[in-house]
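Here is a short report for a first look at this structure. Keep the sequence and the 3D view open while reading.

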Amino acid sequence: MAIIEVSGLRKAYGGRAVVDGVSFAVEEGEVFGILGPNGAGKTTTVECVEGLRRPDAGTVRVAGYDPAADRGPLTRLLGAQLQESELQPKITVREALELYAACYPEPADWRALAERLGLTDHLGTRFAKLSGGRKQRLFIALALIGNPRVVVLDELTTGLDPRARRDTWRLIEDVRDSGVTVLLVTHFMEEAQRLCDRIALIDGGRVTALDTPAGLIGRSAGGTEISFSPSAPLDTRLLADLPSVASVAERDGRILVRGTDETAGAVLALLAGRGVTALRLRVTEATLDDAYLDLTGPDA
Ligand SMILES: Nc1ncnc2c1ncn2[C@@H]1O[C@H](COP(=O)(O)OP(=O)(O)OP(=O)(O)O)[C@@H](O)[C@H]1O
């Protein structure tokens, strides 16, 4: 069942449409990613979902509520980590967690959240003195403190070091496993590939592709690339005739075959049938990075 439904969403600033007919539905319990170039309209879209901006046209529903009109119920069911958030400079981590926990009828255990996010040793530190990464972790904790059904995370791990980023991914997986729906805006392909069940690519204010990470990768022109040096002369037309092969090239005695994830098996079977060995064989799979570059405009 869809818990977030966005349909024909439009938003213009100064007469310029920055979100121009965006539609998608997020199923309850999934991690749904929004990817796209700078200025594509991702934050504006999720801000309409959070009720922070009022759409010019289209509808947004979160668990059946209109975020722009039903502020009360929305606050109880949706937690948000904003892209550029600030707190009072003098507030300590403990005070912020206690203050936010007090705003919700059934808050999460803030000490457990602080522990999970590596903030326990910094409970007495004032916000202004926190490093960028610790501020980010505090905002994630505050997004989760109301025990939300839906959490919106905008550039979740920007500014985190690689270890903190991986810890945060595990936290998000735990959050997802507990049944919370996650709407995630990110620029990190590895993050999207690991965490997201489905991804909407937004470019120029429109959804240009919506699929699973594997589905998007499958659409990439790169596909799978197999390269090898044949142990004996081989007629490359035989390779080109294989059903899953997109192209075959020969360079410096090496043969380069592009195709799908079925191509490597087909090529190796053909070689085996002819008694030819693939020397120095390399198989490279396209990544979400390749798919992203193929599927978004040149400004990406
Ligand atoms: N309040 C505003 N007033 C005028 N223009 C705005 C406002 N907020 C955003 N914009 C413009 O709208 C466009 C879309 O912005 P948005 O923040 O939604 O993009 P984004 O995809 O989240 O980008 P990024 O990846 O850089 O965060 C940008 O050109 C931005 O400059």
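## A residue in helix α11

Asp289 counts as partly exposed, because it has 16 C-beta neighbours inside 10 Å. Asp289 sits in helix α11 (residues 288-295). Helices (H or I, at least four residues) and strands (E, at least two) are DSSP runs, numbered from the N terminus. Asp289 and Phe188 are 101 residues apart along the chain, yet their C-alpha atoms are separated by 8.9 Å.

## The model and the chain

This is a predicted model: local features need pLDDT of at least 70, side-chain atom pairs count only at pLDDT 80 or more, and totals for chains, interfaces and linings use all residues. Residues are numbered from 1 along each chain as its sequence is written. The chain has a mean pLDDT of 90 (the predictor's confidence in each residue, from 0 to 100). In the chain, 97% of residues reach 70 or more. The model scores are ipTM 0.95 and pTM 0.82.

The chain holds eleven helices and 13 strands. Its C-alpha atoms fill a box of roughly 75 × 45 × 35 Å, taken along the principal axes. Of its 300 residues, 37% count as buried. Two residues are in contact if their C-beta atoms, placed from the backbone, lie within 7 Å. Among contacts between residues at least 6 apart in sequence, 69% join residues at least 24 apart.

## Two nonpolar cores

A nonpolar core is a set of buried Ala, Val, Leu, Ile, Met, Phe, Trp, Tyr and Cys residues joined through C-beta atoms within 7 Å. The largest one has 65 residues. Val49, Leu97, Ala141, Ile145, Val152, Leu183 and Leu184 touch the most other members. Helix α5 (residues 132-144) gives the largest share of this core, seven residues.

Take Leu183. Leaving out residues up to four places away in sequence, Leu183 touches Ile4, Val26, Phe32, Val46, Val49, Val150 and Val152. Apart from this core lies another, of nine residues, including Ile226, Leu239, Val245 and Val267.

Which residues of helix α10 (residues 263-273) are buried? They are Thr263, Ala264, Val267 and Leu271. These residues lie on the same side of α10, because they cover an arc of only 100 degrees around the axis. The arc is that of the directions from the helix axis to the C-beta atoms.

Elements that cover the buried residues of α10 include β10 (224-230), α9 (236-240), β11 (245-251), β12 (254-259) and β13 (278-285). On the other side of α10, Gly265, Ala269, Ala272 and Gly273 are exposed. Gly275 follows α10, and its phi is positive, near 70 degrees.

## Around the ligand

The residues around the ligand (C-beta atom, placed from the backbone, within 6 Å of it) are Tyr13, Val18, Gly36, Asn38, Gly39, Ala40, Gly41, Lys42, Thr43 and Thr44. Three are nonpolar, six polar and one charged. Here Ala, Val, Leu, Ile, Met, Phe, Trp, Tyr, Cys and Pro count as nonpolar, Asp, Glu, Lys and Arg as charged, and the others, Gly among them, as polar. Helix α1 (residues 42-49) gives the largest share of the shell, three residues.

Thr43 lies in α1. Thr43 is buried, because 20 other C-beta atoms lie within 10 Å. Thr43 and Asp154 are 111 residues apart in sequence and 7.2 Å apart in space, C-alpha to C-alpha.

Terms used
A residue is buried if 20 or more other C-beta atoms lie within 10 Å of its own, exposed if 12 or fewer, and partly exposed in between; C-beta atoms are placed from the backbone.
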